[in-house]
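Hello,

Here is the structure we talked about, handed over for your own use. Please open it alongside this message.

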Amino acid sequence: MKLSELGEFGFIERIRQAVAKAPGVVVGIGDDCAVLELPPGERLLTSTDLLIEDVHFRRAWTDMELLGRKSVSVNVSDIAAMGGTPRHLYLGLGIPAGFAIEDLDAFVAGFLAACADYGATLVGGDTCRSPGPLLISVTVEGTVPVDELVCRSGAQVGDAVYVSGTLGDSALALRRLQAGETPETAGRHHNPRARVELGRALASARIPSAMIDVSDGLLADLGHILEASVVGAEVDEAALPVSTSLRAALDSDSERIELALSGGEDYELLFTVSPEREAALAVLPEPVTRIGTIVHGSAGLAVKKRNGDLRPAALAGYNHFRQR
Ligand SMILES: [Mg+2]
């Protein structure tokens with residue numbers, strides 16, 4: 001069936017029926033506005049993201065269900081980065097003419113499954129025809145207890161820099177997909193997992209002085225913390241956590257460490273910790289890795305290479321408006 005046969009309202013009704021009831025959602029899809037109740041004592045966090053076919057994803061390399069999941073995860077990751085709990089999502093779709101309803105159903109199924117995984121609910125959105133590529137606009141709302149909010153601006157000289165998980169796997173997968181291969185780290189690229197539990201554990205234990213999620217690349221996102229906190233940092237290249245797949249790739253070409261430094265789309269949490277709070281890291285549900293130290297702003301951002309050289313880092317994350 002084509003979307004033109006089902007119609008916009010038929011499509012929305014299909015989605016509405018697939019969304020489970022949730023506490024806190026007084027009125028969900030189907031009225032002029034969603035009506036929502038927030039937990040007492042918590043602040044509202046809101047973030048929005050636009051995914052455009054052939055800019056952010058290629059339909060040939062991904063299936064629609066995983067794309068639905070990823071659309072949720074990359075947004076929820078921003079809530080995790082502030083120490084919050086994701087609650088509500090809004091989905092806007094610009095759909096090319098002739099797009100198969102089966103593909104839309106698969107996208108929505110993946111989207112709703114990911115919402116359920118994170119304990120969040122789709123509460124509204126909009127659809128229209130796109131004259132060009134598929135457009136996906138997602139807005140996420142979360143909440144955080146007033147005294148547990150973590151911003152980018154709190155890093156202090158002497159703080160340690162930590163990151164969760166491993167870095168560079170998504171970028172390694174993308175390079176290999178572009179080369180026509182089937183990479184073993186493809187899951188990190190197609191189906192990233194937002195670090196909500198870890199973000200909550202960090203925030204509720206009041207561990208991070210500043211935090212961000214790694215979406216643009218380690219150095220670019222650390223750069224955002226440094227700018228907001230008006231400090232510098234030294235990152236130890238030898239300390240970067242890498243998977244066995246990237247480790248193997250590094251064995252044949254050590255320059256591939258750039259994938260961990262600047263690759264992007266890792267969706268790990270990058271955070272700073274004062275020396276007094278480092279002992280509290282033991283309460284975390286998973287290990288995290290110390291990769292550097294916050295220094296005075298005049299020192300900027302530098303990477304200590306394996307040979308001991310200190311290399312000033314240009315902020316080389318993904319910039320959509322840069323001429324290539
Ligand atoms: Mg972010």
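Below are the findings, going from the domains to one helix and then to a few single residues. Please keep in mind that this is a predicted model.

Domains

The chain splits into domain 1 (3–148) and domain 2 (152–312). Taken over C-alpha atoms, the centres of the two domains are 27 Å apart. In the contact between them, domain 1 takes part with 18 residues and domain 2 with 20 residues. On the side of domain 1 that touches domain 2, α3 and β4 (85–96) each supply at least two residues. The most comes from α3, which gives nine residues to that side. By type, the residues on this side of domain 1 are nine nonpolar, five polar and four charged.

Helix α8

Helix α8 covers residues 218–229.

How much of α8 is buried? Nine of its twelve residues are, so the helix is largely enclosed by the rest of the structure. The buried residues are Leu 218, Leu 219, Ala 220, Asp 221, Leu 222, Gly 223, Ile 225, Leu 226 and Ser 229. Asp 221, a charged residue, is on that list. As for what surrounds them, the buried residues of α8 pack against the strands β7 (160–164), β8 (208–213), β9 (232–236), β10 (269–273) and β12 (301–304), and also against α10 (257–262). Just after the helix, Val 230 takes a positive phi of about 55°.

Asp 54 is not a glycine, yet it has a positive phi of about 75°. It sits in the loop between β3 (42–52) and α3 (64–80), and α3 is the helix that gives the most to the side of domain 1 touching domain 2.

Tyr 267, also not a glycine, has a positive phi of about 55°. This residue is in the loop between α10 and β10, and both of those elements are among the ones that the buried residues of α8 pack against.

Which of the two is buried and which is exposed? Asp 54 has 10 other C-beta atoms within 10 Å, and is therefore exposed, the limit being 12 or fewer. Tyr 267 has 24 C-beta neighbours inside 10 Å and so counts as buried, for which 20 or more are needed.

Regards

Key. Residues are numbered from 1 along each chain as its sequence is written. This is a predicted model: local features need pLDDT of at least 70, side-chain atom pairs count only at pLDDT 80 or more; totals for chains, interfaces and linings use all residues. Helices (H or I, at least four residues) and strands (E, at least two) are DSSP runs, numbered from the N terminus. The expected span of a helix is 1.5 Å times one less than its number of residues. Two residues are in contact if their C-beta atoms, placed from the backbone, lie within 7 Å. Domain bounds come from an automatic or database domain assignment.
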